[in-house]
Amino acid sequence: MRKEVELFDVFQETLDKLDGNGILLVAGNPPNPMTIGWGTIGHIWGRQIMTVMVRPVRHTYGLMESVKDFSVCVLPEEFRKELGFCGTRSGRDTDKVEACHFTMEKCFRADSFFIAESAIHFECRIVHKHRIDATTLDPQIIKRYYPLEDYHMVYYGEIVGIYRR
Ligand SMILES: Cc1cc2nc3c(=O)[nH]c(=O)nc-3n(C[C@H](O)[C@H](O)[C@H](O)COP(=O)(O)O)c2cc1C
């Protein structure tokens, strides 16, 4: 049973988890969960927007390029091991949903799926995307995070629903 909530009810908890063991970006059908540690939540174009950043080498990148929406799932503390697994194994050769025994449910306001075990989930519709532009990026950040020049694609998801378990 999930209850719809407001952004400010879950903002701090979501950012803490993002900065901690990570949260899960779920895209595709069949759905594939990938751990993310980078992202923003804010207000643009008169809408609540969540951005997620995906390197082109990820299996998730191909999935994100083929869908209109995605979910972001915040797991309870005890799912530390699963977050590590989804952040080191690829959906290209591993069924992470099966391996983690996740229950996938259809989103309420999007075509994507969410993880029923998650404490909070966001449903997001992709309204914009762009690749990180090295020509305007701080050289120190390039040196530290992009030695392979594999610049992230940044996806802007309009938050169309937020739910708590
Ligand atoms: C804590 C943590 C945070 C991560 N954050 C990101 C991220 O924000 N963007 C990204 O592209 N990869 C990130 N990764 C790496 C991916 O989760 C990892 O490469 C994953 O295996 C890709 O799965 P996929 O091939 O099924 O898409 C992170 C990994 C961990 C452990």
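**Reading a predicted model: ligand shell, strands, helix and core**

Guide: E3 gives four residues to the shell around the ligand, the largest share. Keep in mind that this is a predicted model.

Visitor: Which residues come nearest to the ligand?

Guide: Gly37, His59, Thr60, Gly87 and Ser90 do, out of 19 residues around the ligand. Strand E3 (32-36), E5 and helix H2 (59-65) are the elements that each give two or more residues to this shell.

Visitor: How many residues of the shell are nonpolar, polar and charged?

Guide: Sort them by class. Five are nonpolar, ten are polar and four are charged.

Visitor: Now the strands. Which strands pair with E10?

Guide: Look for bridges between strands. Strand E9 (residues 120-131) is joined to E10 by eleven bridges, and the two run antiparallel.

Visitor: On to helix H1. Which of its residues are buried?

Guide: H1 spans residues 7-18, and its buried residues are Val10, Thr14 and Lys17. These lie on the same side of H1, because they cover an arc of only 55 degrees around the axis.

Visitor: What is exposed on the other side of H1?

Guide: Phe8, Phe11, Gln12 and Asp16 are exposed there.

Visitor: And what covers the buried residues of H1?

Guide: Strands do part of that work. The cover includes strand E2 (23-27), strand E4 (39-44), strand E6 (69-74), E9 and E10.

Visitor: How should I read a nonpolar core?

Guide: Start with the general idea. In soluble globular proteins, nonpolar side chains tend to be buried together. Now the case here. The largest nonpolar core has 35 residues. Leu24, Leu25, Val26, Val52, Phe70, Val72 and Cys73 touch the most other members.

Visitor: Which element gives the most to this core?

Guide: E2 does, with five residues.

Visitor: Take leucine 24. What does leucine 24 touch?

Guide: Leave out residues up to four places away in sequence. Leucine 24 then touches Pro33, Met34, Thr35, Cys73, Leu75, Cys86 and Ile115.

Definitions and conventions: Residues numbered from 1 in each chain as written. Predicted model: local features only at pLDDT ≥ 70, side-chain atom pairs only at ≥ 80, totals over all residues. Pairing = 2+ DSSP bridges. Near = placed C-beta within 6 Å. Nonpolar A, V, L, I, M, F, W, Y, C, P; charged D, E, K, R; others polar. Buried ≥ 20, exposed ≤ 12 C-beta atoms within 10 Å, placed from the backbone. Arc of directions from axis to C-beta. Contact = placed C-beta atoms within 7 Å. Core = buried A, V, L, I, M, F, W, Y, C linked by C-beta atoms within 7 Å.
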